[in-house]
Amino acid sequence: MGGGGGDMNDGSGWRGMGGGGSDMNGRNLDWWRNGGIVDGFYQDRWVGELLLDGVTVTIKLASDLPNELLYGRVGFLWACTFLNKHIGKDTISTTWMRAVVDEIIKAGRRLANKGRCPLMYEWHGKKYWGAAHGLAGIMHVLMDMELNPDEWKMSRVFGDEEFLQAAVDAGELVWKRGLLKRVGICHGISGNTYVFVALYRLTGKAEYLYSAKAFACFLLDRVQKLISEGKMHGGDRPYSLFEGIGGMAYLFLDMIEPSEAKFLAYEL
């Protein structure tokens, strides 16, 4: 797929992408070249093939592709899991998914070295623990994959009680400091409300449902006024799902049946 114009005829009548070419129906394929697939981001590593209108296209991804959930390999795995659940088992091959899991674990072991945590990951050159870009989000997805016994051992560094206590402690902190000046799920009050929703689902304790309702009521009663007065940030993309009121609306729907709530991009 490089810059040359050699013949890559696959039997469909299509010639190599390097020199422009056309498909079996005579349509020009320069749009694909101009999209950057040939000369840009995807040249460092082979990943797989796509069949586009009878044409087999090899896709290559950068060797420094991040592992995190929002933009990286784990995000791909979560999307595969979502498709397999809602469309049908093996819609995305487990063989393909396993190859990605291997890459993620290999990278995590390499960075962890001899630290307490057997896997570690970086974001912008720093070790990162967070849910969107760091270890927490990566482990959340990996634990839904088919892991061998050694890999399961790595994922169980801490016991269930330690995780539960950490979640309770986090809830107390969010109750004290969680009424932020942003509305969204990613960096705002809507996302913090899901802390209490999750604790309610986990423990069944009414105090967490009360906390979730308190935060949700604050959003419902005050957010529009605070945004219009410039006292609260409505998001760089005000109607988006993660930054803006789109996420707030999603939260309100979940508050109808909080015991059935699912956090976006984490729970299927």
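Predicted model: local features only at pLDDT ≥ 70, side-chain atom pairs only at ≥ 80, totals over all residues.
User: What share of the contacts with a separation of 6 or more comes from residues 24 or more positions apart?
Analyst: A contact here means heavy atoms within 4.5 Å. Among contacts in the protein with a separation of 6 or more, residues 24 or more positions apart account for 47%.

User: Are α7 and α8 roughly parallel or roughly antiparallel to each other?
Analyst: Helix α7 covers residues 189–203 and helix α8 residues 206–228. Their axes are 8 Å apart, at an angle of about 160 degrees. Angles over 145 degrees count as roughly antiparallel. Therefore the relation of α7 to α8 is roughly antiparallel.

User: How many residues of the contact of α7 with α8 are nonpolar, polar and charged?
Analyst: On the α7 side, the contact residues include I189, F196, V197 and L199. On the α8 side, they include L209, A212, F215 and F218. The contact divides into 12 nonpolar, five polar and no charged.

User: How do α7 and α9 run relative to each other, roughly parallel or roughly antiparallel?
Analyst: Helix α9 spans residues 245–254. The axes of α7 and α9 come within 9 Å and cross at roughly 25 degrees. Angles under 35 degrees count as roughly parallel. The two helices are therefore roughly parallel.

User: How do the residues of the contact of α7 with α9 divide by type?
Analyst: From α7, the residues are S190, T193 and Y194. They meet G247, M248, Y250, L251 and D254 in α9. The division is four nonpolar, three polar and one charged.

User: How many aromatic pairs does the structure hold, and what kind is the pair of W175 and F196?
Analyst: The structure holds seven aromatic pairs. W175 and F196 form one with 6.1 Å centre to centre and 80 degrees between the planes. Planes over 60 degrees apart count as edge-to-face. The pair of W175 and F196 is edge-to-face.

User: How many residues apart in sequence are the parts tied together by W175 and F196?
Analyst: W175 is partly exposed, with a relative accessible area of 40%. F196 is buried, at 1% relative accessibility. W175 lies in helix α6 (residues 160–177) and F196 in helix α7, so the pair ties together parts separated in sequence by 21 residues.

User: How far apart in sequence are the parts that Y194 and F263 tie together?
Analyst: The ring centres of Y194 and F263 are 5.2 Å apart and the planes stand at 75 degrees, so this pair is edge-to-face. Y194 is buried at 6% relative accessible area, while F263 is partly exposed at 23%. Y194 lies in helix α7 and F263 in the segment after α9, so the separation in sequence is 69 residues.

Conventions. Residues numbered from 1 in each chain as written. Heavy atoms only, no water. Axes fitted to C-alpha atoms, helices over the stretch in contact; angles between N-to-C directions. Helix = DSSP H or I, 4+ residues; strand = E, 2+ residues; numbered from the N terminus. Parallel < 35°, antiparallel > 145°, perpendicular 65-115°, else oblique. Nonpolar A, V, L, I, M, F, W, Y, C, P; charged D, E, K, R; others polar. Phe/Tyr/Trp six-rings, centres within 6.5 Å; stacked < 30°, edge-to-face > 60°. Buried < 20%, exposed > 50% of the residue type's maximum accessible area, 1.4 Å probe, protein only.
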